[in-house]
Amino acid sequence: MSIDRAAVQRLADEINRDIERGAYDGANVILARHGEIVLDLTTGWAERATNRSLRRDDVFRVLSLTKGFTNVLALRAVSEGRLALSTRVVDLIPEFLGTDPFHMLRKDRINLVHLLTHRSGMPPTPNPGLGPDRFGVLADVVAALASVDVLFEPGTNLNYAPAINHALMGEMVRRAYGAKNFRDLARDLLFDPVGMADTAFGLPARLAGRAVPLKAYLPEGGFLQPSDIECLNEHITEDAEMPWVGAVSTVADVFAFAEMVRGNGPRLVAPAVMDQATTLQTGDMPNDLYAAMAQARGWEIPKGNFGLGFSLSGTGTAPSFFGPFTSPRTHGNYGAGSSLFWVDPERDLTFVFLSAGVMEESENVARFQKLSTMAVAAAR
């Protein structure tokens, strides 16, 4: 295996320096090449304020990295013929259309590929239409979405959807399999086969003692408020089903998931489907949410760069989570201000990073651009 050990040490040192200067509280990190781990780092605190040291088996609320799990469940359903990319939301969830004709416009044209590529035209809100105390009841969330407007013609713009797309996708998968609930379906179809024993939708009581609390270091006035994040400490309960943000996991389990995506694990998604899922599907479209963020920082506007559910590295030099030096088809997912995984298929690298302490999102992009570049620099 060709790996630059000095570069690996520089990566670990830089993470430690970030924590020492207070950028975040702690991190569990794995870097692997050809499936062999070359960096396995646990550093800092689970919660700096209480001086609780981070442990390798600590359980993180992984926020939008959750979407990666839901994406794979949808891709598995496509592989098995239970869903097609052209399956419309209303084909499986007819009540999504609602009863008010003023809220029906364009809803009948949203399909699975629009949800997977964040091109549904629905609002980019972290709130799917009801109070956070009901986020965990998927049936209530789906019912609330009947009254949400579709702002743009589906397929015509890319705007990262923090909540709505994956709420609908999770419910489509549940109905496609005829499952009683989404949480158990995810366990049976994904977590158990991959060996992700400490991963779940919702926080099981058996894992609660190892849970890392969400602490948001966000400035007032940003597109996310601290309360948008920290309320999830209370609302990701044992029974909560939030296919967009409600999973918990460990660094070892996310690594096992990423390795399965790389092809080192049970074949849950057909290779032909995974090939398309890791191929650019959104052309030159910018991601409206992150374009606005880049504009505010004076950065080059990045392309959206989505495959089917996976974010891709793409080409060019604009700031991005995966940095400009990973190969263009590098694919993965990330959670607000805190978590990320990616697989670089050209260099056969896998990178997993779960941090305690949620950063402001543009600072998070800058952090991961730096660390992703240092990670890929370790491949000779």
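Is Asn-364 buried or exposed? Asn-364 counts as buried, because its relative accessibility is 0%, where buried means under 20% relative accessible area, exposed over 50%, and partly exposed in between, with a 1.4 Å probe and protein chains only.

1. Basis of the note. This is a predicted model, in which local features need pLDDT of at least 70 and side-chain atom pairs count only at pLDDT 80 or more, while totals for chains, interfaces and linings use all residues. Residues are numbered from 1 along each chain as its sequence is written, and side-chain values use heavy atoms, with hydrogens and water left out.

2. Surroundings of Asn-364. Asn-364 belongs to helix H13, which covers residues 361-376; helices (H or I, at least four residues) and strands (E, at least two) are DSSP runs, numbered from the N terminus. Leaving aside residues up to four places away in sequence, Asn-364 touches Phe-321, Gly-335, Ala-336, Gly-337, Ser-338 and Met-359, a contact being heavy atoms within 4.5 Å.

3. Asp-239. Asp-239 sits in the loop between helix H9 (232-235) and S7, and it counts as exposed because its relative accessibility is 56%. With residues up to four places away in sequence not counted, Asp-239 touches Gly-136 and Arg-183. From Asp-239 to Ala-197 there are 42 residues in sequence and 17 Å in space, C-alpha to C-alpha.

4. The sheet. Three strands form an open sheet in the order S4-S7-S5, with antiparallel pairing; two strands pair if DSSP finds at least two bridges between them. Strand S4 (60-61) and strand S5 (200-201) are the edge strands, each pairing on one side only. Between S5 and strand S7 (residues 247-249) the antiparallel pairing runs over 2 bridges, and Ala-200 stands opposite Val-248 in S7.

5. Nonpolar cores. A nonpolar core is a set of buried Ala, Val, Leu, Ile, Met, Phe, Trp, Tyr and Cys residues joined through side-chain atoms within 4.5 Å. The largest such core has 96 residues, and Phe-69 and Leu-190 have the most contacts inside it; helix H6 (residues 164-177) gives the largest share of this core, 8 residues. A second, separate core of 38 residues includes Leu-11, Val-29, Trp-342 and Val-376. Beyond four places in sequence, the residues that Phe-69 touches include Leu-190, Phe-201, Ala-247 and Ser-249.

6. The whole structure holds 3 cavities of 30 Å³ or more, where a cavity is a set of points, on a 1 Å grid over the protein atoms alone, at which a 1.4 Å probe fits but cannot get out, and lining residues have an atom within 4 Å of a point. Grid points are joined across faces, edges and corners, and a volume is the space filled by probe spheres set on the points.

7. S4 and strand S11 (349-356) are the elements that give two or more residues to the lining.

Definitions and conventions: On a 1 Å grid over the protein atoms alone, a cavity is a set of points where a 1.4 Å probe fits but cannot get out, and a pocket is an open set with protein on both sides within 12 Å along at least five of seven lines; lining residues have an atom within 4 Å of a point.
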